[in-house]
Amino acid sequence: MIASFALVLLLGFELCYYLLIVQTGIVSHYNSDLITLFPMFIGGVLGTFIAGRVWWKIKNPIHKIMLALFLQLILSFLYPNYNFFTLALLGLSVGIMAPLGIYLFKSKQKKELMLALGIAYTLGTYFFYYNADNRVEMALFFTAIALMSAFILRNYKVEIDTKELSLSFSNYLPLMFWIFLDSNLFETLSRHENINIWTNFTFTIIASHLLGLMAACFVNISKFKKYLLINILFIGSYLLSYLELPIVLAIVYPFVISYYNVVIFSILSKEMSLAKLSFIMIFVGWLASGFGLALALSKLLH
């Protein structure tokens, strides 16, 4: 019971850190300047890659997480003023956390996953428009909660034998596609003056996120129907964005974000090889989202 609660807090508040400090904090502070942010991207890719490797004699993923969070805590004191080196280090710490956080979960832990994502999306939505330059307290608080949770879990053992066999790379292509679509649309909407859904429909978005989580966790449908539903909802989200219908968009888009992320976590958590999971996360996480961000800034799809 204590371990499950600590696991929820660890993933939930680390995702809060990513959403409010990295994705909408630092990126906003530097006005989505990809050249300036490039060191964080490189650090993230490197961190994700080495997360699956043995660090000297450190094999326990929780011990790696504690070191990454300690580095993240130190760097949080510098928020939001980073240089080339500290941006790379921040990317490194977040990159290490990405596959390790997923690896701790087993695909059957749906309630824990739902609670963790619920924390992240509720806080991430509520504080979305909080001044990006004044989030140092958030950065410290989120990291401290995650670090304390990791300390509680320091002797936690991942049940390797409950994980399924490794999947082929082609199985992860839909996941990359959804993250690309999400990253592209999110960046576009955050800059769209006529569709300010996060300020005008904050509680609608939170409710939609929670409904998406519950639907993904408790409504049992086939893989084909899940994938079809996600694709249809993304098409609908892009169409609603094009037609500038914010109230409907505030219902549909958060729902599909929550829904597809549960599907992604469930698939990735079945990967029994941490080294392979780390490799896959470079493509599913950093490259797919980075390409979506770059394309949004180029306005080629809008």
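Q: Is the crossing of H3 and H6 left-handed or right-handed?
A: In this predicted model, H3 and H6 cross in a left-handed way, meaning that the near helix is turned anticlockwise from the far one by less than a right angle, whereas clockwise would be right-handed. Helices here are DSSP runs of H or I with at least four residues, numbered from the N terminus.

Q: Which residues make that contact?
A: With contact meaning heavy atoms within 4.5 Å, H3 contributes residues including Ile 62, Leu 69 and Phe 70, and H6 contributes residues including Val 136, Leu 140 and Phe 151.

Q: How do those contact residues divide into nonpolar, polar and charged?
A: There are 14 nonpolar, three polar and no charged residues, where Ala, Val, Leu, Ile, Met, Phe, Trp, Tyr, Cys and Pro count as nonpolar, Asp, Glu, Lys and Arg as charged, and the others, Gly among them, as polar.

Q: And H5 with H11, at what angle do the axes cross?
A: The axes of H5 (residues 110-126) and H11 (residues 246-268) cross at roughly 135 degrees and come within 11 Å; axes are lines fitted to C-alpha atoms over the stretch in contact, with angles from 0 to 180 degrees between N-to-C directions. H5 and H11 are therefore oblique to each other, since under 35 degrees counts as roughly parallel, over 145 as roughly antiparallel, 65 to 115 as roughly perpendicular and the rest as oblique.

Q: What is the handedness of the crossing there?
A: H5 passes H11 in a right-handed crossing.

Q: Anything on numbering and confidence?
A: Residues are numbered from 1 along each chain as its sequence is written. Local features need pLDDT of at least 70, side-chain atom pairs count only at pLDDT 80 or more, totals for chains, interfaces and linings use all residues, and side-chain values use heavy atoms, leaving out hydrogens and water.

Notes: Helices (H or I, at least four residues) and strands (E, at least two) are DSSP runs, numbered from the N terminus.
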